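Here is a short report on aromatic rings and their surroundings. Have the sequence to hand as you read.

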Amino acid sequence: NIREQIEKKTNCNFIGLAPGGIDYEYFYYEEKKDYKNIKILMLFHPLPKKGFKDGLEAIQKIKKENSNIKLHVFSAYPNPQNLIIDEFHYKPSQKKLKKLYQEANIFLYPALEEGFGLTLLEAAAAKCVLITTKVGWTINFGQNQKDFLLIEKNDPENIINVITELIGDNQKMERIGEAASQLAKNFTWQKSNDNFENLLNL
């Protein structure tokens, strides 16, 4: 976990953790999601450690058996042109990004490594079901099968199995999406600031 990594690499005592925060009220989505046509959202990054290739491979196979699934992708990087997807959004505005989260049922994040993962929290606030590897804040916060669904790294077949099982269960999607949003509420800018100030006062 984070504590063990810090103590091992710095040889210093770990006094506490001040997680990053998001504008929860901005990204929060109070409406119910539409489960008739499933939209899966992904973040594209050219670095292999972000795991995009694994996610894309899995979704392409799932779409062959499920015509109601759409894959939407956003990125700070231009579309490399060879992506077989339904929509690509290059450098979306905050307003557009918020809409993408709100319209998505699933946020797929098959990264091999990650810092904290604020993008996951933004998606969670909008009640997306997070399907992610055990990286970032999911190492120390939340529970698998309750707040998110964990997948194995470098394993498109595992991604296929997890998503295929999920998309036939609207109640499960709604339950996990709601739980994710409630979890994200613990990571607001104000709480992040308060945690940091408390550590400084130790």
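## Tyr109 and its setting

Y109 is buried, with a relative accessible area of 6%. The cut-off explains the label: buried means under 20% relative accessible area, so Y109 qualifies. The model is a predicted one.

Y109 lies in strand β4, which covers residues 106-109. Leaving aside residues up to four places away in sequence, Y109 touches L43, K50, E114, L120, I131, T132 and T133. One of these contacts, L120, is eleven residues from Y109 along the chain. The C-alpha atoms of Y109 and L120 are 7.9 Å apart.

## The stacked pair

A pair of aromatic rings is described by two values: the distance of the centres and the angle of the planes. With centres required to lie within 6.5 Å, the count is ten aromatic pairs. One of them joins F107 and Y109.

Which residues do the ring pairs link into a cluster? They are Y26, F27, F74, Y101, F107 and Y109.

The charged end of K98 sits over the ring of Y26, 4.4 Å from the ring centre.

Conventions
Residues are numbered from 1 along each chain as its sequence is written. This is a predicted model: local features need pLDDT of at least 70, side-chain atom pairs count only at pLDDT 80 or more; totals for chains, interfaces and linings use all residues. Side-chain values use heavy atoms; hydrogens and water are left out. Rings of Phe, Tyr and Trp (its six-membered ring) pair if their centres lie within 6.5 Å; planes under 30 degrees apart count as stacked, over 60 as edge-to-face and the rest as tilted. Buried means under 20% relative accessible area, exposed over 50%, partly exposed in between (1.4 Å probe, protein chains only). A charge sits over a ring if NZ of Lys or CZ of Arg is within 6 Å of the ring centre and within 35 degrees of the ring normal. Helices (H or I, at least four residues) and strands (E, at least two) are DSSP runs, numbered from the N terminus. Contact means heavy atoms within 4.5 Å.
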